[in-house]
Amino acid sequence: MKITVDIDCTPEEARHFLGLPDVKPMQDAIMQDIQESMRANLHAMDPETLLKTWLPAGIQGMEQLQKMFWSQMASALGQEGRK
């Protein structure tokens, strides 16, 4: 013998019938916290912020990096010309 029972109800009605708690407010609060932390982390992914993080503390701007690069190139070319 086989008996089949079909119950048509919403998830909220099923939770209430089974005595389970409504966790939607908790889920909404957690999702809000996750969204805020993701937004804060996206601001840290700004190219300017990443460049400041990656470069050594002595090099503050791109101008100093360029000057250092050109001085190294000039000294390397000057030493080769003397040989």
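Arginine 15 counts as partly exposed, at 23% relative accessibility (partly exposed lies between buried, under 20% relative accessible area, and exposed, over 50%, with a 1.4 Å probe and protein chains only). This is a predicted model, where local features need pLDDT of at least 70, side-chain atom pairs count only at pLDDT 80 or more, and totals for chains, interfaces and linings use all residues. Residues are numbered from 1 along each chain as its sequence is written, and side-chain values use heavy atoms, leaving out hydrogens and water.

**Salt bridges around arginine 15**
- The whole structure holds 3 salt bridges (a side-chain nitrogen of Lys or Arg within 4 Å of a carboxyl oxygen of Asp or Glu).
- Arginine 15 meets glutamate 12 in one of them, at 3.9 Å from N to O.
- Both residues, arginine 15 and glutamate 12, sit in helix 1 (residues 11-18), 3 residues apart, about one turn of the helix (helices are DSSP runs of H or I, at least four residues, numbered from the N terminus).
- Arginine 15 also pairs with aspartate 22, with the closest N and O atoms 3.8 Å apart.
- Together, Glu12, Arg15 and Asp22 make up a network of salt bridges.
- Aspartate 22 is exposed, at 52% relative accessible area.

- Aspartate 28 and lysine 24 join their side chains in a salt bridge of 3.5 Å, N to O.
- Helix 2 holds both aspartate 28 and lysine 24, 4 residues apart, about one turn of the helix.
- Aspartate 28 is partly exposed at 41%, and lysine 24 is partly exposed at 47%.

**Methionine 38**
- Methionine 38 belongs to helix 2 (residues 24-44).
- Its relative accessible area of 53% makes methionine 38 exposed.

Terms used. Helices (H or I, at least four residues) and strands (E, at least two) are DSSP runs, numbered from the N terminus.
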